[in-house]
Amino acid sequence: MIAEVLVDIPHRALDRAFDYEIPKKDAHRVVVGKRVEVPFGPRRVMGYVHAVKDETDVEGVKPLSAVLDAVPSLTDENFRLAETLAGIHLYPRAAYFRSMLPGALSMRRKRYLKKKEGVSLPDALAFFFDKQKEVPFEGAVRKEESLVATCLAEGLLEDRFELRQAEKAKTIDYIELVREATPRGKKQQAIIEVLKRHGKPIEKDRLLDKAACSPGPLASLLSKGIVRVISRERYREITHIYELVDKDVVLTPAQQKVRDHVRNALGEAEEFLLHGVIASGKTEIYLALAEEVLARGESAIVLLPEISLTPKVTARFKARFGSEIAIYHSGLSVGEQYDEWRRMKRGEARIVVGARSAIFAPLSDIGLIVIDEEQSESYIQTENPPYDAREVARMRMKKHDAPLVLGSATPSVETYHRTTTGASQRLVLKERPLGGTPPKITLADMKAEFRKGNTSIFSENLREAIEKRLQAGEQTLLLINRRGHARFVLCRSCGYVIRCENCHISMTYHKHNDTLVCHHCDKKRPSPDRCPSCQSRHIRFMGLGTEKAEELVNEAFPKARTIRMDKDTTRRKDAHEKILHRFETRGDILVGTQMIAKGLDFDKVTLVGVLSADLGLHVPDFYAESETFYLLSQIAGRSGRRETRGEVVIQAYSLDHPVLAFVENASYEDFYEREIAYREKVRVPPFVHLSQMLFTHKDDRSAYRAALHAVKSLRKKTSAEILGPSRPRFAFIDGKKRYQLLLRHRFEVELLQALSTLSADLDEQGVTMSLDHYPRTF
């Protein structure tokens with residue numbers, strides 16, 4: 001018997017099945033989807049059984065080394081998903097398998113050194129082999145690496161490698177009484193008495209505590225066979241700060257109508273856009289639908305865009321469904337992820353709440369998929385490997401005949417457009433069940449503030465509003481628009497932003513040659529020392545970080561309890577939940593990036609301030625205006641979600657920009673009409689697909705020639721519109737030169753085939769070609 005194995009090496013050249021002989025002793029154990037250990041060149045690696053067949057035409061086939069799984073880790077659906085995604089993104093299937101499986105199932109190579117018989121080693125190494133013939137290559141031994149290499153070359157040492165799973169199931173030792181006995185030792189007698197009274201196996205540590213003895217007497221009983229050890233698996237407990245409270249909520253008539261609409265589609269592959277105003281109770285509908293799905297004996301996936309949203313939402317779901325809930329995101333430890341994955345795979349947890357990667361949850365009989373805040377960029381992973389969780393959700397929706405619900409107060413233009421073409425159904429929630437008035441939104445003109453002599457990051461209006469909240473014991477959110485970190489040139493006197501004459505995209509400043517560049521058409525111009533519009537010398541390269549903002553907040557409001565939330569402060573495990581809980585219970589001001597803008601619900605937050613709101617409007621990105629609208633609308637919705645009406649102060653230089661007016665008036669439909677007309681005019685999604693090809697080589701001319709070769713090849717074989725070659729925004733990476741092409745296309749099979757062939761050809765030439773179907777900056 002022969003096994004076709006896909007090796008766990010994410011490289012395009014190795015993305016094919018390799019044949020291995022199945023040893024007779026393992027013939028009944030080797031099935032499709034199991035992980036196996038195989039020899040691959042001079043080493044052993046992990047692989048996945050892709051197929052089993054009777055014979056092969058390959059000569060000199062090597063046998064499998066080991067079968068690593070008791071049950072298959074991958075399913076037929078996993079293989080099909082990986083194959084589809086790999087074909088679209090020109091990425092190896094092994095990379096997608098790694099996204100589908102928990103990190104605990106990855107294999108780590110451990111190296112061992114063995115001393116040959118009858119040889120003498122240098123003193124620095126001989127010490128390690130005094131009592132053992134083989135030692136691991138780690139710690140003090142690793143420090144002698146050069147000496148080890150010499151001994152290996154001279155034949156004094158041999159080395160071998162062993163594959164070990166990154167993390168295993170957690171087990172607890174229980175002690176069981178095998179036979180009654182009357183040992184002499186009082187402590188041994190005490191252990192037996194505890195076991196007899198308990199009547200069943202008892203946890204080892206608990207037994208020793210009840211018997212009031214050390215491990216020694218227990219070891220004696222074990223050696224005599226009077227008791228025995230039973231190891232039982234125990235899942236790692238995921239603790240939460242937030243209390244698990246299930247609210248007794250009665251759906252409003254509007255919510256019931258939405259629930260019924262989706263409930264009637266259970267068992268069918270239908271897509272819905274749940275377009276509800278902020279605080280319209282979308283989570284209550286998700287909970288009600290999950291209840292319906294569980295009653296049908298099916299499972300559900302609920303995706304959230306940020307890990308920071310999971311604590312409160314998870315608490316709601318856990319309070320309602322208990323152990324039926326699994327949590328899955330990168331903030332968990334490797335062991336916790338492994339346990340949650342196994343609970344889902346075993347059918348012990350039928351609802352998963354998590355971030356982007358949870359879309360690959362190993363659930364069977366999926367009856368519902370929910371993607372909350374669907375407009376978020378967080379659902380797109382651009383590399384290692386690239387995928388859009390919304391597209392994967394659509395694939396799984398069709399596979400399982402399950403409805404997909406995409407929820408948002410500000411749907412992405414692409415998703416809303418699908419409702420106009422019949423690809424999706426729009427369900428609307430226009431009211432807040434808890435009442436309350438939408439917040440008052442005020443625009444602060446930072447040009448006017450500057451002319452008045454105010455050079456701080458706070459307008460007079462925002463400063464006064466913060467002081468008012470501090471005196472009233474209320475809370476404030478301050479948003480730093482993370483998308484504004486791109487460096488562009490802005491005049492502080494008149495608000496003028498230098499744009500490309502051809503593309504109307506803001507030009508990016510390149511410090512190394514003091515030049516402004518359009519990253520779409522490669523047009524260049526010298527960086528000015530005066531504003532081209534008003535001749536003022538007050539021009540700046542814009543960008544403000546959260547750390548600097550926190551420092552300025554502390555200076556302006558020294559008595560306020562200010563907390564910062566960004567990537568730097570949330571690196572540690574459970575940091576999101578701890579920061580949010582600390583702010584909710586004893587904070588005054590929370591400074592953060594977009595992770596504080598979506599889904600958070602705080603009773604005492606009555607003020608939101610946005611610093612430099614228009615920075616995101618001027619980055620070189622066709623989606624800059626829509627992303628800014630989503631972000632500002634979402635952060636505005638965090639203010640005044642209870643009885644007290646909230647206030648939002650949006651600071652900007654380009655106060656006349658239409659997007660800011662749409663946010664001020666909470667007018668999504670007007671925004672959509674303008675944005676969709678613009679996208680149709682410049683021919684970007686949703687009307688065509690836009691992809692970026694990058695060509696990388698240490699030699700500039702080689703990278704450029706590869707891009708030219710790609711243009712000629714693709715124009716012969718496809719109907720795609722090709723722009724370039726031009727320099728990308730980051731033209732030099734790790735000392736290598738890069739050129740880009742932009743493709744407008746419709747995902748034709750011919751294009752994907754041509755790209756695959758082209759990638760293989762360029763690999764042979766030493767040029768790296770990468771493909772990004774979700775480009776944001778060029």
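Figure 1. Searching the whole structure, which is a predicted model, turns up three cavities of 30 Å³ or more. The largest cavity holds about 120 Å³ of space. It has 11 lining residues, and those closest to its centre are Glu377, Gln594, Lys598, Glu627 and Leu631. Sorted by class, the lining of the largest cavity comprises two nonpolar, five polar and four charged residues.

**Figure 2. A look into the second largest pocket.** Here we turn to an open space, the second largest pocket, with a volume of about 1,000 Å³. Its lining is made up of 42 residues, and Lys247, Arg316, Asp601, Arg641 and Arg642 are the ones nearest the centre. Helix 11 is the biggest contributor, with five residues.

**Figure 3. Helix 6 packed against helix 7.** Helix 6 (residues 186-198) meets helix 7 (residues 204-211) at an angle of about 115 degrees, and their axes are 9 Å apart. The crossing of helix 6 past helix 7 is right-handed. On the helix 6 side, the contact is made by Ala190, Ile191, Val194, Leu195 and His198, while helix 7 brings Arg206, Leu207, Lys210 and Ala211. Six of the residues in this contact are nonpolar, one is polar and two are charged.

Terms used
Residues numbered from 1 in each chain as written. Predicted model: local features only at pLDDT ≥ 70, side-chain atom pairs only at ≥ 80, totals over all residues. Heavy atoms only, no water. 1 Å grid on protein atoms, 1.4 Å probe; cavity = no way out; pocket = protein on both sides within 12 Å on 5 of 7 lines; lining within 4 Å. Points joined across faces, edges and corners; volume = space filled by probe spheres on them. Helix = DSSP H or I, 4+ residues; strand = E, 2+ residues; numbered from the N terminus. Axes fitted to C-alpha atoms, helices over the stretch in contact; angles between N-to-C directions. Left-handed = near helix turned anticlockwise from the far one by under 90°. Contact = heavy atoms within 4.5 Å. Nonpolar A, V, L, I, M, F, W, Y, C, P; charged D, E, K, R; others polar.
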